[in-house]
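Work through the exercises below with the model in view. Each task is followed by a solution in steps.

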Amino acid sequence: KNQVEQSPQSLIILEGKNCTLQCNYTVSPFSNLRWYKQDTGRGPVSLTIMTFSENTKSNGRYTATLDADTKQSSLHITASQLSDSASYICVVRDRGSTLGRLYFGRGTQLTVWP
Amino acid sequence: DTEVTQTPKHLVMGMTNKKSLKCEQHMGHRAMYWYKQKAKKPPELMFVYSYEKLSINESVPSRFSPECPNSSLLNLHLHALQPEDSALYLCASRGWGASRDTEAFFGQGTRLTVV
């Protein structure tokens with residue numbers, strides 16, 4: 001069964017600190033993995049997209065890693081800001097469908113305190 | 001333009017009302033999606049349109065009726081909804097690259113409340 005599991009479920013950190021969010025998946029055949037940031041009541045905004053051959057990708061203070069062998073990904077946030085408070089969702093697409101069926105994790109709720 | 005625009009942002013409707021949600025993109029994407037998201041849950045796929053044709057219907061009740069009048073527009077017609085249908089409704093679109101997948105862009109969503 002295609003699944004995406006994220007940990008931790010929630011995380012509280014102080015402003016300026018770093019944190020790492022985890023994503024494990026069983027989606028097969030694998031096409032790509034995306035990290036999205038979603039503010040409460042708003043649509044998800046893409047942070048990174050990684051294919052099978054990519055193992056690190058950065059976008060500003062966000063760095064995503066992918067280990068396709070162990071089917072694990074992480075999202076590292078550096079020097080956190082109050083505006084980073086949001087839900088971070090790991091989304092995996094399978095290669096079996098051209099219509100782009102996406103499998104969503106439940107998200108990690110990040111809260112940054114001053 | 002990398003935006004998916006959804007209107008309205010908020011909607012309150014009675015169980016006997018008929019309303020429509022609208023979604024628009026001008027990125028030339030030929031796949032468009034409707035998702036339903038309840039609080040603290042991941043989005044759930046409802047419908048997928050590919051080249052203006054309905055390709056996937058995830059066993060959604062008939063009180064939700066999608067429509068894709070052209071390649072830039074996607075509508076979701078609502079009729080006789082139930083209070084449990086209250087949720088954030090997200091529209092997304094995606095294109096196809098020649099050799100690799102492309103991003104799925106999400107709209108900001110419509111917060112629907114059924115009273």
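**Exercise 1.** Compare the radius of gyration of chain A with that of a compact globule.

Solution. The radius is taken over C-alpha atoms, and the globule rule is 2.2 Å times the number of residues to the power 0.38. For 114 residues the rule gives a value near 13 Å; chain A has 14 Å, so the two agree. Along the principal axes, the C-alpha atoms of chain A fill a box of roughly 45 × 30 × 20 Å.

The model is predicted: local features need pLDDT of at least 70, side-chain atom pairs count only at pLDDT 80 or more, and totals for chains, interfaces and linings use all residues. Residues are numbered from 1 along each chain as its sequence is written, chains are lettered from A and ligands numbered from 1 in written order, and side-chain values use heavy atoms, without hydrogens and water.

**Exercise 2.** State how many helices and strands chain A has.

Solution. Count DSSP runs, numbered from the N terminus: helices are H or I of at least four residues, strands E of at least two. Chain A has zero helices and 11 strands.

**Exercise 3.** Describe the largest nonpolar core and the contacts of Leu75(A).

Solution. Such a core joins buried (under 20% relative accessible area, 1.4 Å probe, protein chains only) Ala, Val, Leu, Ile, Met, Phe, Trp, Tyr and Cys residues through side-chain atoms within 4.5 Å. This one has 25 residues; among those touching the most other members are Trp35(A), Leu75(A) and Tyr88(A). Strands giving two or more residues include β4 (30-38), β8 (72-77) and β9 (86-94) of chain A. Beyond four places in sequence, Leu75(A) has contacts (heavy atoms within 4.5 Å) that include Trp35(A), Leu47(A) and Tyr88(A).

Key. Buried means under 20% relative accessible area, exposed over 50%, partly exposed in between (1.4 Å probe, protein chains only).
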